[in-house]
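Dear colleague,

Please find below the structure that I said I would hand over. I would be glad if you could read the notes after it with the model open beside you.

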Amino acid sequence: MTKVLINEQLVEEKDATIQYNDRGFVFGDGIYEYLRVYNNKIFTAQEHFERLLRSAREIQLDVNHTVDSLTELAKELVAVNKVVNGGIYLQITRGSAPRDHRFPSPDIQPTLMGFTKSYGRPFKEMDQGIYAVTTEDIRWLRCDIKSLNLLGNVLAREYAEKYNASEAIQHRDGIVTEGSASNAYAVKDGVIYTHPTNNYILNGITRQVIKWICKDENIPFKEETFSLEFLKSADEIIISNTSIEVMGVTKLDGEQVGDGQVGPITKQLQTCFNHYIDTKCV
Ligand code: PDD
């Protein structure tokens, strides 16, 4: 039986209930993280939980936790659910209170919820590449916060689904931002381009790993904005996130990308990613 984390307690799934007026449910007033588990261990836990605490600060949510205490909770969840390979979802909301847009008085407890999923690495997709579409970025202007408000992301992802694509790469007025749940990259003449980290994108942890790899391997990594036209003329297109790691996009809006195969830079990143799995798991 899988267990769910509710406010520091591990409870059976059937007992994992949240109050009807929890602000996460009513307002999307909360933040979350999604972490990867490889061989029973948590990948880049420190980076993920630092980002969670940053998201909390940005929405003025007092979280009574540290990177270490969150890592301990996540480890307990992985152990109790015997996750070998998979993921951990962890969210914190501003707690439950009578519906009022104003923050409740500070003595209410935030609600913490976490669960795990078991699944392997996406080797087939990494080999073959995936299809993506482009769509307008209609999200709010604080996409750097990993907030529970994901309606824009959900609508973009559903748009991709309609075209049998795995991801929607978004743009604001023709400037590529990121995928519905991933960071996006264009490779041109051996240089990787990706949107700079500001309020328009999430500072992805996988993006940070890619940046480390580029430094190790002397691959030019340019954090510069680029246009939709540039993306369409790229030699390779990559998307990345905690679940799919480094993924080549071989078809965009129905058109072949480059020669239609997963490109050499994408493959190099995929290979080098294993080194970080070996060294960044706790
Ligand atoms: N999402 N951008 C957006 C909008 C995302 O939702 C995600 C990840 C990323 C990549 O971040 P990271 O490399 O840290 O996973 C970028 C996770 C997987 C999710 O919502 O489940």
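This is a predicted model: local features need pLDDT of at least 70, side-chain atom pairs count only at pLDDT 80 or more; totals for chains, interfaces and linings use all residues.

Residues are numbered from 1 along each chain as its sequence is written, and side-chain values use heavy atoms, with hydrogens and water left out.

The chain is assigned two domains, domain 1 (3–118) and domain 2 (123–279), with bounds that come from an automatic or database domain assignment. Their C-alpha centres are 26 Å apart, and 23 residues of domain 1 are in contact with 21 residues of domain 2, where contact means heavy atoms within 4.5 Å.

The largest pocket lies between the two domains, because both domain 1 and domain 2 give residues to its lining. A pocket here is an open set of points, on a 1 Å grid over the protein atoms alone, with protein on both sides within 12 Å along at least five of seven lines; a cavity is a set of points where a 1.4 Å probe fits but cannot get out, and lining residues have an atom within 4 Å of a point. The largest pocket holds about 1,100 Å³ of space, a volume being the space filled by probe spheres set on the points, which are joined across faces, edges and corners. Its lining has 42 residues, and Tyr-32, Ser-180, Ala-181, Ser-182 and Asn-241 lie nearest its centre. By class, the lining of the largest pocket has 19 nonpolar, 15 polar and eight charged residues, with Ala, Val, Leu, Ile, Met, Phe, Trp, Tyr, Cys and Pro counted as nonpolar, Asp, Glu, Lys and Arg as charged, and the others, Gly among them, as polar.

The second largest pocket has a volume of about 400 Å³, and of the 18 residues that line it, Leu-61, Asp-62, Ile-108, Gln-109 and Pro-110 are the closest to its centre.

A search of the whole structure finds one cavity of 30 Å³ or more. The largest cavity contains about 40 Å³ of space, and its lining includes Asp-235, Glu-236 and Ile-237. Strand E14 (245–252) is one of the strands that supply at least two lining residues, and the largest share, three residues, comes from E14.

Finally, helix H2 (residues 45–58) and helix H3 (residues 67–80) pack at an angle of about 120 degrees, with their axes 9 Å apart; axes are lines fitted to C-alpha atoms, for helices over the stretch in contact, and angles run from 0 to 180 degrees between N-to-C directions. The residues that make this contact include Phe-49 and Leu-53 of H2, and Leu-70 and Ala-74 of H3. The contact of H2 with H3 comprises seven nonpolar, two polar and one charged residues.

With best wishes

Key
Helices (H or I, at least four residues) and strands (E, at least two) are DSSP runs, numbered from the N terminus.
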